[in-house]
Amino acid sequence: MSADKRHPVTEVLILEEQLDLTLDELCHACSMQVEQLVMLMDEGVIAPRGTEPEGWRFTGVQLRRARVAVRL
């Protein structure tokens with residue numbers, strides 16, 4: 001679809017699905033300690049991709065869930 005002055009094209013990027021955060025990045029983004037995030041994982045609130053902590057990756061959805069959990 002081409003854009004003209006009457007009908008501009010808007011691109012939308014959904015960051016929640018595009019994010020790929022490490023454990024350290026998630027800790028920083030949520031202002032939480034690793035132990036707190038591990039507790040959220042143990043409770044099933046967030047679930048990383050990967051098998052080892054060094055390889056864990058978190059999405060934007062998990063970032064949002066962790067931030068909500070902090071507020072609660």
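Mentor: Begin with exposure: buried means under 20% relative accessible area, exposed over 50%, and partly exposed in between, with a 1.4 Å probe and protein chains only. This is a predicted model, in which local features need pLDDT of at least 70, side-chain atom pairs count only at pLDDT 80 or more, and totals for chains, interfaces and linings use all residues. Residues are numbered from 1 along each chain as its sequence is written, and side-chain values use heavy atoms, with hydrogens and water left out.

Trainee: How many salt bridges does the structure hold?

Mentor: Side chains of opposite charge can pair when their charged atoms come close. The criterion is a side-chain nitrogen of Lys or Arg within 4 Å of a carboxyl oxygen of Asp or Glu. The structure holds one such bridge: R49 pairs with D20, their closest N and O atoms lying 2.5 Å apart. R49 is partly exposed at 45% relative accessible area, and D20 is partly exposed at 41%.

Trainee: Which aromatic rings pair, and at what angle between their planes?

Mentor: Rings of Phe, Tyr and Trp (its six-membered ring) pair if their centres lie within 6.5 Å; planes under 30 degrees apart count as stacked, over 60 as edge-to-face and the rest as tilted. The whole structure contains one aromatic pair. The ring centres of W56 and F58 are 6.5 Å apart with planes at 80°, so the arrangement is edge-to-face. Both W56 and F58 are buried.

Trainee: With which residues is I46 in contact, beyond its neighbours within four places in sequence?

Mentor: Contact means heavy atoms within 4.5 Å. With those neighbours set aside, I46 contacts L26, L37, L40, M41, F58, Q62, R65 and A66.
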